[in-house]
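Here is a short report on one protein model.

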Amino acid sequence: MFGLGKNRTKFGKWLDEHGITIVEFAKESKVNRDTIGDLASKEGYSPRKDTINKILSAAKKRDPKVTYEKLFPPSM
């Protein structure tokens, strides 16, 4: 089961909804799995712009309608 008992960001919830593991997405996006894990669980974690671009590119292969704002909404 995905996401049970874990703190999840919008990105983490998106991964869970699509049944994608952190390791699997890390391979697809060519981004370190620790970075994907941090993005999925730590609010306010801010990677470099080229890392975000890799993540969005890989996410759009799974869900063409996904946007930056949907995965990484601005913090309040």
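## Elements and basis

Helices (H or I, at least four residues) and strands (E, at least two) are DSSP runs, numbered from the N terminus. On that basis the protein has five helices and zero strands. From the N terminus the order is α-α-α-α-α. The radius of gyration, taken over C-alpha atoms, is 11 Å, close to the 11 Å of the globule rule for 76 residues, so the protein is as compact as a globular protein of that length. That rule is 2.2 Å times the number of residues to the power 0.38.

The model is predicted: local features need pLDDT of at least 70, side-chain atom pairs count only at pLDDT 80 or more, and totals for chains, interfaces and linings use all residues. Residues are numbered from 1 along each chain as its sequence is written, and side-chain values use heavy atoms, with hydrogens and water left out.

## Dimensions and packing

The C-alpha trace spans about 30 × 30 × 25 Å along its principal axes. Of the 76 residues, 38% count as buried, meaning under 20% relative accessible area (1.4 Å probe, protein chains only).

Contact means heavy atoms within 4.5 Å. Among contacts with a separation of 6 or more, 49% come from residues 24 or more positions apart.

## R8

R8 sits in the segment before α1 (10-17). R8 is buried, at a relative accessible area of 16%. The R8 side chain makes a polar contact of 2.9 Å with the side chain of D16. A polar contact is a pair of N or O atoms within 3.5 Å; within protein, one must be able to donate a hydrogen and the other to accept it, and residues adjacent in sequence count only if both atoms are side-chain atoms.

Key:
Buried < 20%, exposed > 50% of the residue type's maximum accessible area, 1.4 Å probe, protein only.
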